[in-house]
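Work through the exercises below with the model open. Try each task before you read its solution.

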Amino acid sequence: MELRHLRYFIAVAEEKSFSSAAERLYISQPPLSRQIKQLEKEMGVVLIDRNQRPLKLTEAGVFFYEHALQIVKNSDNLRTMTMRKGAFDGSISIGFVGSILYGTLPRVLSRFSKVYPNIQVKLHELNSWQQTQALTSGKIDVGFGRLLFDDASVRRILLREERLVVAVSADHVLKHRDTVSISDLVNENLLLYPKAPRPSFMDHILKLFSDRGIEPSYFLEVSELHVALGLVAADLGITIVPKSLEYLREKEIIYLPFEDDLLTSPVIMNIRHFDKSELLETLLSIIYQIYEEEDVTHKREHI
């Protein structure tokens, strides 16, 4: 069984027609039919019910199709990622979620540029899910996000757990509290962001509620962080943000810590599996240096 057999089978399964699949693959129908029969003979099972119109996969065919898709995807990703490594152009492309810029990332990039003054740093604002796609497509070399996704091609390095804080207006009833609990927020007008693309930081916050068996009575989805903070400043709701953002609009907004230390947002470094480049090793080392200088709790890993 060769990779081309999988591509042929996927085309037939999706087109539900040998003739349409042949057009899609730019080959004639007779050799395509022979290749699929050869595949079935090798597997010892019938994958396609040819008596159905349109064609229908057998139970074994459905199972084979789902796994064939994954194999072809991984093969294509491997090709793309290897081409990116082999065509190094003197740059490093970094994906990031917006909130990371308010933490240590700017200092990390500044120090990295001093170590590698001839390496161009290219930045791409991408949410955590988009970073996964960008890594496997070769668009970026490393990403910094806040959500975990399972993908066999991507390794997640948990850099730290950052505490969350509640942003309220200077006129809000909670403004004099030293700490708040998440249950205190149930009946508040909770502003969540970003609205799209999903999943996003919004889903992380909603999960913090659901994990404790509660849910907000009302919440409003807004496009981005700064919209949420603008509405908070106008006393039109409250929001939850990572602690590193608590200096934003500090004359109009009060940031209250949670009494529960487990209410955190992870900071995650995303890289391609088995990518052990010197640039990435140095980048991770600089992050840990800054964490140690700033007494940030973290656990060391190696590329």
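**Exercise 1. Helix packing.** Find the angle at which helix α2 (residues 18-25) and helix α3 (residues 29-43) pack.

Solution. Step one: the setting. This is a predicted model, where local features need pLDDT of at least 70, side-chain atom pairs count only at pLDDT 80 or more, and totals for chains, interfaces and linings use all residues. Residues are numbered from 1 along each chain as its sequence is written, and side-chain values use heavy atoms, with hydrogens and water left out.

Step two: the elements. Helices (H or I, at least four residues) and strands (E, at least two) are DSSP runs, numbered from the N terminus.

Step three: the geometry. Axes are lines fitted to C-alpha atoms, for helices over the stretch in contact, and angles run from 0 to 180 degrees between N-to-C directions. The axes of α2 and α3 lie 9 Å apart, at an angle of about 105 degrees. That makes α2 roughly perpendicular to α3. The classes are: under 35 degrees roughly parallel, over 145 roughly antiparallel, 65 to 115 roughly perpendicular, the rest oblique.

Step four: the contacts (heavy atoms within 4.5 Å). From α2 come F18, S19, A21, A22 and L25; they meet Q29, L32, S33 and I36 of α3.

**Exercise 2. Aromatic pairs.** Classify the ring pair F9 and F64.

Solution. Start with the rule. Rings of Phe, Tyr and Trp (its six-membered ring) pair if their centres lie within 6.5 Å; planes under 30 degrees apart count as stacked, over 60 as edge-to-face and the rest as tilted. The structure has four aromatic pairs. For F9 and F64, the centres are 5.1 Å apart and the planes stand at 75 degrees, so this pair is edge-to-face. It links distant parts of the chain: F9 is in helix α1 (residues 3-15) and F64 in helix α4 (residues 59-86), 55 residues apart. F9 and F64 are both buried. Buried means under 20% relative accessible area, exposed over 50%, partly exposed in between (1.4 Å probe, protein chains only).

Now take F112 and Y116. Their centres are 5.2 Å apart with 45 degrees between the planes, a tilted pair. F112 is buried at 0% relative accessibility, and Y116 is buried at 14%.

**Exercise 3. Strand β11.** How many of the nine residues of strand β11 (residues 264-272) are buried?

Solution. Nine of the nine are buried, so β11 is largely enclosed by the rest of the structure. Check each face. One side carries T264, P266, I268, N270 and R272; the other carries S265, V267, M269 and I271.

Next, the partners. Two strands pair if DSSP finds at least two bridges between them. Strand β5 (residues 142-145) pairs with β11 in the antiparallel sense over four bridges. V142 has I271 as its bridge partner. Strand β6 (residues 154-169) also runs antiparallel to β11, joined by nine bridges. V154 stands opposite R272.
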